[in-house]
Amino acid sequence: MRFLLTDEQREFARALDGMLGAAGVPAAARAWASGEHKPGRALWARLAQAGVFGLAVPERYAGAGRLPVELAVAFVELGRHAVPGPVVETVASAAFLTRLGDAGAAGAAAAGEWLPRIAAGDTVLSLAAGAPYALDADAADAVLVVEGDTVRRTDAHGPVQPSLDPVRRLSRPLGGTVLARDPAVSAAAAHARDLARLATAAQSLGLGRALLAATVAHVKQRTQFAVPLGSFQAVKHRLADALIGLELAEPLVYAAALAVAAGAPSAGREVAAAKAAAGEAGYATARTALQLHGAVGYTEELDLSLWIRKARPLRDAWGTPAECRTRVLEG
Amino acid sequence: MDLGFSAAEHAFRDEARSWLAGHVPATPLPSLETAEGFAAHREWERTLFADRWSVVTWPEEHGGRGASLVQWLLFEEEYHAAGAPGRVAQNGISLLAPTLFEHGTDEQRARVLRPMASGEVVWAQAWSEPESGSDLASLRSTATRTTGGWLLDGQKTWSSRAAFADRAFGLFRSDPDTARPHQGLTYLMFPLDAPGVTVRPIGRLDGKPAFAELFLDEVFVPDADVIGEPGQGWRVAMSTAGNERGLTLRSPGRYTAAAERLAALWRAAPAGTDPALGGRVADALTGARAYQLFAYAQASRLAAGHSLGAEPSLNKVFWSELDLALHETALELLGPYGALSDEAVEAPAHGSWAEGYTFALAGPIYAGTNEIQRDIIAERLLGLPKGRR
């Protein structure tokens, strides 16, 4: 038992953190929110170059092999930097297509066509499974729509519905062609949902870490009543609670990643536990960040808004805390 | 990154499990906060010690097994899953013993540790005073030099287990003229039946004498019972405080076992039970698992040569709030039976939920209140400036 990230995994995180910190992510996110996807796609290419999407693609499809722990490491960094785009949906699509290919189903050809392109960063996919909207369908090359045993692919979507996080652009996928109709579809979709939950949980964790760091910096520097805000006990205790929530959610995320990697029977439950805990911790940290920044935190001008607005949808995407708790109880 | 256990760790777990299966009393012992229960728990400590399960991480020369922290975590999981009794020797084992290992003399270790681990000598803590709770360093009880030792005077309070315990350990002011309150303190051990000691048991919230006030009037303590250097007591004691609030006082096994029992209670709940309670059961399961994994990560870091610094404060806030939430949910699931005290003949599960709830209510207070812990987290882990408390 050595429940610690390896030096290589830490180095991977540091490299991504450094790259994203210098990549102008907030500007790309704001452009993305206005429907201008070019800077976001450039960022996407750099993520692919760093190997992020290959972590969800088997080696036989020109990926790095399925590496859920490394994927979680990467998605913590994507969350930390509030990276725009259907990053979760693309890696979940990769997991879905891989399973479909493994099952030898009618969609296996799609796996061969798309998985190498996903790993290379050339294809951006969105995924709608049991939800009316697809994330960023307007930016994606295609949307996979799963309904029961059927999966469709489509390029068409309805008008973008403005969302509470403007960077997350929601629209209804329309029409499309049937890719596969097979019992393997729903099993593959369940697996894809678990991977989406894991990646979203990791994003929530990274998002919370960034919000906590920004808020700690703010309360150290901001002075009222001639003392730093951070010297007041009410302020300290909120931040302490945020740290407790994030610190205790983190091991759940990595344990869930290990369970997914091992194909353990407990994986679904562990992923759900991690998703509920990390989603709640990220959102609670966002509430604390908002409160402790005061009025300026309530403005869209401050880049912090990109993080604050994302916390709630990440908490609820791919399984609300209530849904995840129900899954935990199923054992 | 690896959550798998080694063959040796599996073997250790299996050995503990089979020993516990053969020795844990079939029905719970009477509450350890009663005279009868205290005696029964003392006897249980002797049983544990006889087969070297009392203090598994101690060196063999002191009656332990030289087990690793990871093995201890596994032992604790098995211990609590087996429904084994609470540990009346806990205060000595988790608070005093680490201090003796770090700051004591060979003579002290040889004299004190084995009787502590076997339950022959049960230890109480003597930290708090009527005017010194969270602000412990303001304490006023004194240790005055005398021939061959010290004379203790003053008053200690909230002394857990002291109603029935044999000896106590705590801090005393040996030099009244220091610049700062943390200076001039001395860490001493003393017998509770010595001349000059008066023990007044205090009923906790349910009336059981779980702690006591100690009145000390020229109580003689030989030099051999000073731990560390006189005047260095604060530094000596703080090594204990970290142990108390962190892992070693409350292992994750306690909560993973309780959460599983809670889940069983939920599954057996009558039709029509509020489904919202299910969410709270899930949170207890998830919280217990989180603490377990957090502890595995801490053990891994310690094994890799890192230290935990102020991190045990995170543990303390988390487990104390988890414990309370878990028991509150249990009482609610029990409906009308949740109102029964552990002494009620009809109390579910031999009163263990009621006893656990009463015990959990104290968690956010003892071992450094959760307010103090949050201050420590904010100042030492997040780097926020010190301010008025």
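Modeller: What follows is a set of questions on those labels, asked of a predicted model.

Colleague: Start with Asp136(A). What makes Asp136(A) count as buried?

Modeller: Asp136(A) has 26 C-beta neighbours inside 10 Å. Buried needs 20 or more. Therefore Asp136(A) counts as buried.

Colleague: Where does Asp136(A) lie, and what is its phi?

Modeller: Asp136(A) lies in the loop between β2 (134-135) and β3 (142-147) of chain A. Its phi is positive, about 55°, although Asp136(A) is not a glycine.

Colleague: Now His157(A). Why is His157(A) called buried?

Modeller: The count for His157(A) is 23 C-beta neighbours inside 10 Å. His157(A) lies in strand β5 (residues 156-157) of chain A.

Colleague: What separates the C-alpha atoms of His157(A) and Asp136(A)?

Modeller: They are separated by 9.9 Å, with the two residues 21 apart along the chain. Leaving aside neighbours within four places in sequence, the contacts of His157(A) include Ala134(A), Ala137(A), Asp138(A) and Val143(A). Ser171(A), Arg172(A), Pro173(A) and Leu174(A) are also among them.

Colleague: Which residues make the contact?

Modeller: From α7(A), they include Leu195(A), Leu198(A), Leu205(A) and Leu212(A). From α8(A), they include Leu239(A), Leu243(A), Leu246(A) and Val253(A). The residues of this contact divide into 18 nonpolar, two polar and three charged.

Colleague: What makes α2(A) oblique to α3(A)?

Modeller: The axes of α2 (residues 25-33) and α3 (residues 38-49) of chain A cross at roughly 130° and come within 7 Å. That angle lies between the limits of 115 for roughly perpendicular and 145 for roughly antiparallel. Therefore α2(A) is oblique to α3(A). Val25(A), Ala27(A), Ala28(A), Ala31(A) and Trp32(A) of α2(A) meet Pro39(A), Gly40(A) and Leu43(A) of α3(A). By class, the contact has seven nonpolar, one polar and no charged residues.

Colleague: Which residues touch the most other members of the largest nonpolar core?

Modeller: The core has 232 residues, and Ala72(A), Val91(A), Leu198(A), Leu252(A) and Val253(A) touch the most other members. Beyond four places in sequence, Val91(A) touches Phe53(A), Ala56(A), Leu71(A), Leu195(A) and Ala199(A). Leu198(A) and Val253(A) also belong to the contact of α7(A) with α8(A).

Colleague: Last, the interface. How many residues does the contact take from each chain?

Modeller: The contact takes 39 residues from chain B and 37 residues from chain A. On the side of chain B, α8 (276-303), α9 (312-333) and α11 (370-381) each supply at least two residues. The largest share, 16 residues, comes from α8(B). By class, that side has 23 nonpolar, seven polar and nine charged residues.

How values were computed
Residues numbered from 1 in each chain as written. Chains lettered and ligands numbered in written order. Predicted model: local features only at pLDDT ≥ 70, side-chain atom pairs only at ≥ 80, totals over all residues. Core = buried A, V, L, I, M, F, W, Y, C linked by C-beta atoms within 7 Å. Buried ≥ 20, exposed ≤ 12 C-beta atoms within 10 Å, placed from the backbone. Contact = placed C-beta atoms within 7 Å. Helix = DSSP H or I, 4+ residues; strand = E, 2+ residues; numbered from the N terminus. Nonpolar A, V, L, I, M, F, W, Y, C, P; charged D, E, K, R; others polar. Axes fitted to C-alpha atoms, helices over the stretch in contact; angles between N-to-C directions. Parallel < 35°, antiparallel > 145°, perpendicular 65-115°, else oblique.
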